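Please look over the sequence and the model shown here before reading on.

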Amino acid sequence: MALERLLKGFADFRVGYYQEHLDLFEKLATVGQSPKILIIGCSDARVDPGILTQTQPGDIFTVRNVAAMVPPAQIPPDERHHGTSAAIEFAVRGLGVEHIVVLGHALCGGIGALVDGSRGAYAHYDYLSTWTSIAQDTRDLVVEELKGRPRDEVVRAVEQAAVVNSVRNLLGYRWIDERVKAGTLTLHAWWFNLTVGQLYAFDPETLKFAAVVGVKLDAAVTGSTPLSALKPEAFAAALAGRKPAF
């Protein structure tokens, strides 16, 4: 039944949306894609970047994985399978995107599994814990800072801190760092609360996520952003109400 629904959806798309936007698809097929934005999002079926941003085909280049994580750059590059890193490289070096958005979200199962660790329901999975360990140090920092707080509050904090950690990891790729310093590439750390439909953006000045109101967005990571603002421990300390020790 589920597969039939997909096929019915494609049939409707072909006679509806595709025909209505035929000029757009012909241009994409002949000229190619030229998106200005890369969104690194979560695989979660409830959080589709294209639907959330109401974009058209060709508008955004999208990478989705468990918990919207960016692994640290492998230096020097090796011959292992780096799917997320390869997609990021293609978007930056091949397509020349001008913005990279890391989009985390509320109720993230991958982050929940990371927080619960060996006590969680997914601890026996073959690959999940290895992948989410990208943010293991970040998780440990936040859990320590928020010791005694309710689990849902801790999980939410780790969800947001992991986004900041991924943005920091992006700067470890030389071809990203060079472009950010040159002012041709801007990085963004976003978190979406799907329970209320609100988007939040990380502000390097306050070290916190603030609700995005309207269509104007000032909070971003640019060449002038101090690296200290992207330290997970800084975010954790700010969240706990303490002044970061820089």
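## Basis of the report

This is a predicted model, in which local features need pLDDT of at least 70 and side-chain atom pairs count only at pLDDT 80 or more, while totals for chains, interfaces and linings use all residues. Residues are numbered from 1 along each chain as its sequence is written, and side-chain values use heavy atoms, with hydrogens and water left out.

Helices (H or I, at least four residues) and strands (E, at least two) are DSSP runs, numbered from the N terminus.

When neighbours within four places in sequence are left aside, Ile 176 is in contact (heavy atoms within 4.5 Å) with Ile 88, Val 92, Ile 100, Leu 170, Leu 171, Leu 185 and Leu 187.

## Salt bridges

Side chains of opposite charge can pair when their charged atoms come close. The structure holds 9 salt bridges, each being a side-chain nitrogen of Lys or Arg within 4 Å of a carboxyl oxygen of Asp or Glu. One of them joins Asp 48 to Arg 64, with the closest N and O atoms 3.7 Å apart. This pair links distant parts of the chain, 16 residues apart, since Asp 48 sits in the loop between β1 (37–42) and α4 (49–53) and Arg 64 belongs to strand β2 (residues 60–65). Asp 48 is partly exposed at 28% relative accessible area, and Arg 64 is also partly exposed, at 33%.

In another salt bridge, the side chains of Asp 140 and Arg 139 meet at 2.9 Å, N to O; Asp 140 is partly exposed at 33% relative accessibility, whereas Arg 139 is buried at 15%. Lys 181 and Asp 177 also form a salt bridge, at 3.1 Å from N to O, and because they are 4 residues apart in helix α10 (residues 174–182), about one helical turn separates them. Lys 181 is exposed, with a relative accessible area of 63%, while Asp 177 is partly exposed at 22%.

Notes:
Buried means under 20% relative accessible area, exposed over 50%, partly exposed in between (1.4 Å probe, protein chains only).
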